Amino acid sequence: MIDAAAVIMRLREIDARSGGRREAWRPVWQAEREALNEWARVLAPQARIERDRFANTWYLLDGASEETVLVGSHSDCVPGGGWLDGILGLAAGLGVLGAVASQSRRRDQPAQRTLAVVDWADEEGTRFGRSLLGSGAAAGTLTRDEFDGLRTADGIPAREVAARYGFDAGGLGTRSPRLARVVAALELHIEQGPRLAAAKRSLAAVSGCLGVRRHRLSFVGTAGHAGATPMAGRRDPVRAAARFIDRTAQVAADANGLATVGSLEAEPGLPTAVAAACRLSLDLRHARLDVLEQLDAGALDQARRCANETGCELHTTDLHRQDPITFDPRLLTAVQRVGPGEPLVSGPLHDSAALAQAGVPTAMLFVPSTGGISHTRSEDTPERDLRAGIEALWTLASEWLRGAS
């Protein structure tokens, strides 16, 4: 049986040491990954720990067959993020690893199937703007051209930054051969929204994820003095951005979708100057692909209109595309046995979406987020619900490892 209390204690230790600072491709993230390796060696001395060419960490416990049950999530977090997003699923997966290793030692025989616990690199995408980077690379959906176009906010190529942490861009476009052996991929995650908490549910199966289109937009105008440049003659990129944000938000709301401008920066950013440029990110989400495509095309067209209305130029960069995902029906049925009730569709993206897109049988399990809050230091989940989620993950993983499903 899994020791859920030990998993929760480890999560609190990690947060006390590195909370909110585990942004991918940073030294703190790297140090915590090494600490996770040390924990795994204690839990399962017979397990193999491997770093693949895309900086994903694999914890492998061989079974009687090469058929593999994969349990995965991510150790990186957004800057200033909470103690559970992503790393809950990874720590719970390592708890599963320890429990299976202990059983195998007691019985002097391996599980029927191989267990792989995976720490996917850079799920959040905060440095380069592209979510699911490590899982997308392993799934073969992240291309070299796409990766070569990614930059940090200050213009450093993603290829250069990630290479320092073992990411080999030369392998992009090729799916990891390990994924061909996966018969079930499972991920435990906090909901990051208010539905479970409002319904007083401890667990829920997840049926899929919303589709995403993400861009970086730059409105470019002409700088001027705030006290000397006539309103009628201004080419004001901040005004163009403001019009665009308001109109796009309304269109998305009318379509029952989501539109988010999460970053907004004026240059030079002085209170006494008309800006020369205004850069922003745009994230669009919807459950239906046809509506998502309409929202995406409409938003870019709206951006062009706002630029023309204000005499500005527009430059756009595509950051991420993810079609709506439906998880494996057979696995969904199995997850509903431990998390009964209506399944939820996830608004946030998860590494499971990259696996499902590549045809890997995938399922997710949610536990509630207190107040629906995530991506902040105040993120939390009641401990009883954490225990329920960790134990439910163990039930599912052990069932599949026995070959019962």
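Modeller: The conversation below takes those topics in turn.

Biologist: Before we start, what kind of model is this, and which residues count?

Modeller: This is a predicted model, in which local features need pLDDT of at least 70 and side-chain atom pairs count only at pLDDT 80 or more, while totals for chains, interfaces and linings use all residues. Residues are numbered from 1 along each chain as its sequence is written, and side-chain values use heavy atoms, with hydrogens and water left out.

Biologist: What is the volume of the largest pocket?

Modeller: The largest pocket has a volume of about 1,200 Å³. Its lining has 40 residues, and those closest to the centre are G125, R214, G262, S263 and S281. A pocket here is an open set of points on a 1 Å grid over the protein atoms alone, where a 1.4 Å probe fits, with protein on both sides within 12 Å along at least five of seven lines; lining residues have an atom within 4 Å of a point. The volume is the space filled by probe spheres set on the points, with grid points joined across faces, edges and corners.

Biologist: Which strand gives the largest share of that lining?

Modeller: The largest share comes from β12, with six residues. At least two residues each come from β7 (211-220), β9 (258-260), β10 (264-267), β12 (277-286) and β13 (313-322). Strands (E, at least two residues) and helices (H or I, at least four) are DSSP runs, numbered from the N terminus.

Biologist: And how many of the lining residues are nonpolar, polar and charged?

Modeller: The lining of the largest pocket has 17 polar, 14 charged and nine nonpolar residues. In this scheme Ala, Val, Leu, Ile, Met, Phe, Trp, Tyr, Cys and Pro are nonpolar, Asp, Glu, Lys and Arg are charged, and the others, Gly among them, are polar.

Biologist: What about the second largest pocket: which helices supply at least two residues of its lining?

Modeller: Those helices are α3 (87-107) and α12 (383-401), and α3 gives the most, with four residues. The second largest pocket holds about 190 Å³ of space. Its lining includes V100, Q103, W394 and R402. By class, the lining divides into five nonpolar, five polar and two charged residues.

Biologist: Let us turn to single residues. Is R113 buried or exposed?

Modeller: R113 has a relative accessible area of 9%, so it is buried. Buried means under 20% relative accessible area, exposed means over 50%, and partly exposed lies in between (1.4 Å probe, protein chains only). R113 sits in the loop between α3 and β4 (114-119).

Biologist: Which side chain does the side chain of R113 join in a polar contact?

Modeller: The side chain of R113 has a polar contact of 2.9 Å with that of E67. A polar atom of the R113 side chain also lies 2.8 Å from the backbone oxygen of W400. A polar contact is a pair of N or O atoms within 3.5 Å; within protein, one must be able to donate a hydrogen and the other to accept it, and residues adjacent in sequence count only if both atoms are side-chain atoms.

Biologist: Where is L393, and what does it touch?

Modeller: L393 is in helix α12 and is buried, at 2% relative accessibility. Not counting residues up to four places away in sequence, L393 touches V71, A92, G93, V96, L186, L188 and L365. Contact means heavy atoms within 4.5 Å.

Biologist: Changing topic, how many aromatic pairs are there?

Modeller: The structure holds nine aromatic pairs. In one of them, the rings of W25 and W29 have centres 5.1 Å apart and planes at 70 degrees, so the pair is edge-to-face. Rings of Phe, Tyr and Trp (its six-membered ring) pair if their centres lie within 6.5 Å; planes under 30 degrees apart count as stacked, over 60 as edge-to-face and the rest as tilted.

Biologist: Are W25 and W29 buried or exposed?

Modeller: W25 is buried at 1% relative accessibility, and W29 is buried at 0%. The rings of F219 and F244 form a tilted pair, with centres 6.1 Å apart and planes at 55 degrees. That pair links distant parts of the chain, with F219 in strand β7 and F244 in helix α8 (residues 237-254), 25 residues apart.

Biologist: Which residues do ring pairs link into a cluster?

Modeller: The cluster consists of W25, W29, F54, F128, F147, Y165 and F167.
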